[in-house]
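Here is a short report on ring pairs and charge pairs in one protein model. Keep the structure open as you read.

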Amino acid sequence: MNMQTKVVIVYIVLLVVFTGTAYANVHYKEGDFTSEKPMTVKEVYKVKGYTTEVKKTIKQFEEKYQSKLNFPEREPFEVSETYGKIKEDNTLSLHFLGVNKKDLFQIEVNPNKPFRKHSNYITNNGKKVFIEEVNHEPIIRILYMKNAKFEYILSINNSEKYEKQLLIKIAESISE
């Protein structure tokens, strides 16, 4: 293989990596799909049943449970895309993608399961929370808490960039 061919191959690989496309060749419980062609992040979320009409999804959830949800006053980073859906188990799932493609912040509101984790941290405003780290590459930090009648699960990946204290501050900003 000559040098020019190697340069072209490297260029194509870098182009695919940095354009945010993904090969969706996985099985997913809700909306199984496979694809032999590259898909954008938006296309992957759509196939998984997510919508960009997040306010509408939140409203549907609130109407179903006749309850107003409270959300953080801020996200941990500048958000470029937001997706949401009500999952098969009736959990509201919201995904916030950052300008940096590695940044993902998730909020899940679970109406079915009470807060079952023992708290291992108390926030400055007295909320009992449970924080865990999932040893995944990159590390995923997850915070569980009870708020009103729902369990809220906040998670962030790219945790080497975002400290545990940031997730705690976000939880503190959610009013009862």
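The text below covers aromatic pairs first, then salt bridges.

This is a predicted model: local features need pLDDT of at least 70, side-chain atom pairs count only at pLDDT 80 or more, and totals for chains, interfaces and linings use all residues. Residues are numbered from 1 along each chain as its sequence is written, and side-chain values use heavy atoms, with hydrogens and water left out.

## Aromatic pairs

A pair of aromatic rings is described by the distance of the centres and the angle of the planes. Rings of Phe, Tyr and Trp (its six-membered ring) pair if their centres lie within 6.5 Å; planes under 30 degrees apart count as stacked, over 60 as edge-to-face and the rest as tilted. How many aromatic pairs does a search of the whole structure find? It finds eight.

One of them joins F61 and Y65. Their ring centres are 4.9 Å apart and their planes meet at 45°, so the pair is tilted. Both residues belong to helix α3 (residues 54–65), four residues apart, or about one turn of the helix. Helices (H or I, at least four residues) and strands (E, at least two) are DSSP runs, numbered from the N terminus.

F61 has 0% relative accessibility, so F61 counts as buried. Y65 is buried too, at 17%.

F130 and Y144 make another tilted pair, with 6.1 Å from centre to centre and 50° between the planes. F130 sits in strand β7 (residues 128–134) and Y144 in strand β8 (residues 140–147), so the pair ties together parts 14 residues apart in sequence. F130 is buried at 19%, and Y144 is buried at 12%.

There is also a cluster: Y45, Y50 and Y83 form one aromatic group.

## Salt bridges

Side chains of opposite charge can pair when their charged atoms come close. A salt bridge is a side-chain nitrogen of Lys or Arg within 4 Å of a carboxyl oxygen of Asp or Glu. The count by this rule is four.

E53 is partly exposed at 44% relative accessibility. K56 is partly exposed at 49%.

K87 and E108 link distant parts of the chain, 21 residues apart. K87 is in the loop between β3 (79–86) and β4 (92–98), while E108 is in strand β5 (residues 104–110). Both are buried.

R141 is buried, with a relative accessible area of 8%.

Terms used:
Buried means under 20% relative accessible area, exposed over 50%, partly exposed in between (1.4 Å probe, protein chains only).
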